[in-house]
Amino acid sequence: MKKIVYSLVILCAFLGAWMYLPSSTNQAALNTKFSDENIRMEIVSNQQVAKVMHENSFSLTLTDLAGKPLDQPDMKVSLEMPSMFCGVIPTTLNEVEPGKYNIIGIPVMSGKWEATVTLVTPTETLHVKHPFISK
Ligand SMILES: [Cu+2]
């Protein structure tokens, strides 16, 4: 099992080196805003460029349209590289005050990443993607 994980990481590193373009550095905005008819979400990178193999943090705000925090939302956040096979990296999610969350995650290689927020409410399942760059 470990061998498979290692070879996946190595494969990923090659793909990453091949796919990564220096010009992509400026493409990811530091914040992503999402809203629909029920909820409002904002995700903010707390660093300009995430540091590979280190803990990086993101702030998330989640309310209804009136600005009221949701009561114990069913939410998780994972890190993924779009169009690569690095796997899905779990993050820790802590509520720091009602409706405000701190996310800590470790990107395992340099390149383009997405923090994907999955939120399940009684009426919908949302996937909100926050792109960021890791070096
Ligand atoms: Cu990768």
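This is a predicted model: local features need pLDDT of at least 70, side-chain atom pairs count only at pLDDT 80 or more; totals for chains, interfaces and linings use all residues.
Colleague: Thanks! How many bridges join strand 4 to strand 8?

Modeller: Seven bridges join them, and the two strands run antiparallel. Strand 4 covers residues 74-80, and strand 8 covers residues 111-120.

Colleague: What's the order of strands in the open sheet of four?

Modeller: The order is 5-4-8-9, with antiparallel pairing. Strand 5 (89-90) and strand 9 (125-134) are the edge strands, each pairing on one side only.

Colleague: And the open sheet of five strands, what order does that have?

Modeller: That sheet has the order 1-2-3-7-6, again with antiparallel pairing. Its edges are strand 1 (31-35) and strand 6 (92-97), which each pair on one side only. From one strand to the next, the twist averages 20 degrees.

Colleague: Which residue in strand 2 does Phe 34 stand opposite?

Modeller: Phe 34 stands opposite Met 41. Strand 1 and strand 2 (residues 39-45) pair in the antiparallel sense over five bridges.

Colleague: Changing topic: where is Ser 59?

Modeller: Ser 59 is in strand 3, residues 56-64.

Colleague: Why does Ser 59 count as partly exposed?

Modeller: Because Ser 59 has 15 C-beta neighbours inside 10 Å, and partly exposed lies between the cut-offs of 12 or fewer for exposed and 20 or more for buried.

Colleague: What is Ser 59 in contact with, leaving aside neighbours within four places in sequence?

Modeller: Ser 59 is in contact with Val 44, Asn 46, Lys 100 and Asn 102. Asn 46 is 13 residues from Ser 59 in sequence, and their C-alpha atoms are 6.9 Å apart in space.

Conventions: Residues are numbered from 1 along each chain as its sequence is written. Two strands pair if DSSP finds at least two bridges between them. Axes are lines fitted to C-alpha atoms, for helices over the stretch in contact, and angles run from 0 to 180 degrees between N-to-C directions. Two residues are in contact if their C-beta atoms, placed from the backbone, lie within 7 Å.
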